[in-house]
Amino acid sequence: MSNSDHIDFIPDYENLAAHYASVIKSSGEDLSREGLLDTPMRAAKAFGHLTRGYHQSLEVVANDAIFPSDNPELVLVQNIEFYSLCEHHLLPFYGVAHVGYLPDGKVLGLSKVARIVDMYARRLQIQENLTKQVAQAIESLTGCRGVAVVMDASHMCMMMRGVAKQQSTTRTVSMLGEFTTNNQARSEFLDAIPKRTPAFG
């Protein structure tokens, strides 16, 4: 495990597993059934992993990977996979993020962009807020002239329940700084990222 991934917090898995056991039992299942004997603890550990972003900080994740650069042109990291949990139903939503920024003398190590997306995704979220959080993080670390983040995701709360639309995807956008006023920069970013695609196709 790298320093940028280090997490000191260890969840109370025993307590969390007891809660999962109660939830499973409330469905009418038999917790003594062989296939379910270890499920509460497995679920507890999975939930701890899926919410580990609460116990990471932006400074530690970035790990001082800020470097001087005299290139003022667009830096774009695209197709960053992410997985998160909807804060309304605790069901997954997942997709890809495209992150671009206009440097102002400093650039961020490319792998750190992906780690920042992952840190905020590993929390109970809505996609709209996740998109903005990533943009604000890149801006605060680099002092860049502008940031643009686009996220395309499929939401299990729409696909598995409720309206049950399996082909739907959601695109969210957050733009800061020059991307809000410079139409040329905005168009360059939007033209460079992949077009939206159906959830299955």
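A crossing counts as left-handed if the near helix is turned anticlockwise from the far one by less than a right angle, and as right-handed if clockwise. By that rule, H1 passes H2 in a right-handed crossing. Helices (H or I, at least four residues) and strands (E, at least two) are DSSP runs, numbered from the N terminus.

This is a predicted model: local features need pLDDT of at least 70, side-chain atom pairs count only at pLDDT 80 or more, and totals for chains, interfaces and linings use all residues. Residues are numbered from 1 along each chain as its sequence is written, and side-chain values use heavy atoms, with hydrogens and water left out.

Let us stay with the helix pair. The axes of H1 and H2 (lines fitted to C-alpha atoms over the stretch in contact, with angles from 0 to 180 degrees between N-to-C directions) come within 8 Å and cross at roughly 120°.

| Helix | Residues in the contact |
|---|---|
| H1 | Tyr13, Glu14, Leu16, Ala17, Tyr20, Ala21, Ile24 |
| H2 | Thr39, Pro40, Met41, Ala43, Ala44, Lys45, Phe47, Gly48 |

Now to the sheet. Five strands form an open sheet in the order S5-S2-S3-S6-S7, with mixed pairing; two strands pair if DSSP finds at least two bridges between them. S5 (124-125) and S7 (170-177) stand at the edges with a single partner strand each, so one side of each is left without a neighbour in the sheet. Antiparallel strands S2 (residues 75-86) and S3 (residues 92-102) are joined by 9 bridges, and Val77 stands opposite Val99 in S3. Helix H4 (residues 110-121) lies across S2, S3, S5 and S6 (146-155), at about 20° to S2.

Key. Contact = heavy atoms within 4.5 Å.
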